[in-house]
Amino acid sequence: MCMYISIAYANVIELAQSTSEAGLSLDGNSSIIKRLVALTVSVIFYLQASQSTKNQGPSPKPRFYGRAPFVTICCATFLLWSWSFLHYSANEGTRMHPLDGLLSAASAQHDAWLQQASASRTLDECTAEYRRRYKRPPPPGFDAWYRYATERSSVIIDDFDNLMDDLQLFWAIRPAEIRKRTHLAFGDWNEVAKLSIRSGKAEIGPEVKPTHRWMLDGVMAMMSNYIDKIPDMDLGFNINDEPRIAIPYDDLQSLLKASAIGPRTAKDTVLNEFSKDRAASWNFSDSSDTETPNAPFTDQSFLPSFHTYGSISCPRSSRARRSYLWDTRALCTTCFAPHSTGIFLSNWTLSASPCHQPDLAHLHGFYLSPAAFKPSHSLYPIFSQSKAYGYADIRYPSPWNYMDKAVYAPYPNASDQHYDPPFSEKSDTLFWRGATSEGLSRFGEWQGMARQRLVHLANNHTSSTFYPIFLPNLHPQKQNQEEKEEPSYSLHTIPSSLLPALGLGPTITDINLVSKIDRCWDADCPVQAREFGLSESTDFQSHWRHKYLVDLDGAGFSGRFIPFLQSRSLPFKVAGVFRE
Ligand SMILES: *[C@@H]1O[C@H](CO)[C@@H](O)[C@H](O)[C@H]1NC(C)=O
Ligand SMILES: *[C@@H]1O[C@H](CO)[C@@H](O)[C@H](O)[C@H]1NC(C)=O
């Protein structure tokens, strides 16, 4: 135990050091304070340990720490350890914390991305760059798009990778077939809304539910500036938050192969215009309905979706498709190792992949029990606001941010409650408010959902005096270089009295579920209400009072991340499964 505490403490000291360098901690810079903290911690620990000796009373079999001399030795060791680490960090201030390495790598990656995203200076350069990157000419109207983007100082002129990835599979299908599948996907039961564009005007299909109309209104608002440039066509919008199209691995490979053929148009016949009379090709007379197969979607709401859809696009040999039974009480350290450096997430892209993470089946509402889920295993062109890894929906920017649903609109005067003050004047709080909307809980699924887990961790961690932390397992390093060992870590708890040294002391978490427990059945409603306690719902503009804002996955896209980024607060995008 002492060993662990010592190591935990060593970790604490390192973190305190790095946070103070990043300017986040209170007063970590003074080594005297650190020494005082070390001393205090040792004394507190000594007191706690001897307290537990007293409380045990006359036990027939005293536990190993039940002996005062042992406690003393233990704590002396601890003191020495901590002192030597202090000494170490004082003398070798250049020793880098893993987070510093990750921060500088991420910053370099960001700069490089930005540079390639807006490399071109003219339309000609941009067109040439498009041909070079994507091996096909840009679509008709690219010049209008270029003007539109540059007039608005878009930082993305050249990078269409996300968009190309989402559209890639459709190059494997004939255009007439794409139109037919679009037509088949429409419908109230299918929960796909129709948007028709004819002669530069958009019209919303009749079957859109009033509750979801804002979504299509948002799409129209987004398109209004350039709708006259969009050719006639029908588009199918997913009215659910959850994505829809998950293609099994083998089918996906054939589609990818078929789609890789490249542009169908020879270079010299490229025209900068769409074909005439497109509207006629979208005419599906009622007679074509006779050969309409059953609805392409199945209702999978409230059912576990990880193995049937979530990981279906992973290779059969992948861990996610081999491991079905899972001990949900154990932390799967090898599941997060591939996308982590030590205990820290280091590859955000890879972290979204379920293929190496069978434990995700039990750790997210979308995989445990999605509230509205009508998916298909076949390729249909469905526009969604976000999708999880492996899904083949076509992403588009969420209309949420265009419809005043959650906007960054702080009050203008410093005296206002909802003013957005400079960072240093904000309260030292890590803030989150939200609903239990990630998935629907009937049989205790809520215990695995990310939102509930966060709230529980912040407010109801089983013991109020201990805090969870990852520690590397102590084992001798394997010398054999060939045999790359996955790092192994275990979750341990450290006394919360150590938290000030982590730089977390004065940061108060203000993390709560609001108003009522949503998306639950029967006993799962009162059980959650009892477990979490609920707070009043708050004005969205009250976020700006807090220094740190958590943005956590719900049932799909995040409605808050953009306003969070606009504010003077520091948002944390808690690595989720959805990508927008
Ligand atoms: C993250 O993982 C992906 C997929 O394995 C890989 O292509 C990419 O290079 C990795 N990125 C970094 C920064 O390591
Ligand atoms: C969990 O914490 C919340 C907020 O502090 C509280 O209202 C609730 O009663 C706690 N739950 C339990 C079971 O202690």
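Is Ser537 buried or exposed? With a relative accessibility of 56%, Ser537 counts as exposed; the word "exposed" is used for residues over 50% relative accessible area, "buried" for those under 20%, and "partly exposed" for those in between, with a 1.4 Å probe and protein chains only. Before we walk on, two notes on reading the model. It is a predicted model, in which local features need pLDDT of at least 70 and side-chain atom pairs count only at pLDDT 80 or more, while totals for chains, interfaces and linings use all residues. Residues are numbered from 1 along each chain as its sequence is written, chains are lettered from A and ligands numbered from 1 in the order in which they are written, and side-chain values use heavy atoms, leaving out hydrogens and water.

Let us start with the whole chain. The protein chain has 19 helices and 15 strands; these are DSSP runs numbered from the N terminus, with helices (H or I) of at least four residues and strands (E) of at least two. Of its 580 residues, 42% count as buried. The accessible surface of the chain is about 30900 Å², and carbon and sulfur atoms hold 57% of it; such areas come from the Shrake-Rupley method with a 1.4 Å probe, and for residues only the protein chains shown count as cover. Now look at contacts, meaning heavy atoms within 4.5 Å. Among those between residues at least 6 apart in sequence, 72% join residues at least 24 apart.

Next, find helix H18, which covers residues 524-532. Its buried residues are Asp524, Gln528 and Phe532. Seen down the axis of H18, these buried residues fall within an arc of 45°, so they line one face of the helix; the arc is that of the directions from the helix axis to the C-beta atoms. An α-helix has 3.6 residues a turn, so residues three or four places apart point the same way.

What do the buried residues of H18 pack against? Their partners are helix H17 (450-459) and strand S12 (508-513). Gln452 lies in helix H17, and at 3% relative accessibility Gln452 counts as buried. Leaving aside neighbours within four places in sequence, Gln452 is in contact with Thr436, Trp446, Gln528 and Phe532. The side chains of Gln452 and Gln528 are joined by a polar contact of 2.9 Å. A polar contact is a pair of N or O atoms within 3.5 Å; within protein, one must be able to donate a hydrogen and the other to accept it, and residues adjacent in sequence count only if both atoms are side-chain atoms.

Around ligand 2 you will find Asn459, Asn460, Arg530, Glu531, Phe532 and Gly533, where being near a molecule means having a heavy atom within 4 Å of it. Taken alone, ligand 2 exposes 360 Å², and the protein buries 47% of that. Helix H18 gives the most to this shell, with 3 residues. A backbone N or O atom of Glu531 lies 2.7 Å from a nitrogen atom of ligand 2. Just after H18, Gly533 takes a positive phi of about 70°. Further along, Ser537 from our opening lies in the loop between H18 and strand S13 (546-551). Ser537 and Asn512 are 25 residues apart in sequence, and their C-alpha atoms are 9.6 Å apart in space.

Ligand 1 has its own surroundings, made up of Gln109, Asn347 and Leu350. Taken alone, ligand 1 exposes 360 Å², of which the protein buries 35%. An N or O atom in the side chain of Asn347 is 2.2 Å from an oxygen atom of ligand 1.

Finally, visit some loops. Ser118 sits between helix H4 (98-117) and helix H5 (123-134). Not counting residues up to four places away in sequence, Ser118 touches Val155, Ile157 and Asp158. The side chain of Ser118 reaches the backbone oxygen of Val155 at 3.2 Å.

Backbone angles give us another stop. Most residues other than glycine have a negative phi. Ser153, in the loop between helix H6 (142-151) and helix H7 (161-168), has a positive phi of about 50° although it is not a glycine. Glu191 also has a positive phi, near 60°, and is found in the loop between helix H8 (175-185) and strand S1 (192-198). Ser153 is exposed, with a relative accessible area of 58%, whereas Glu191 counts as buried at 14% relative accessibility.
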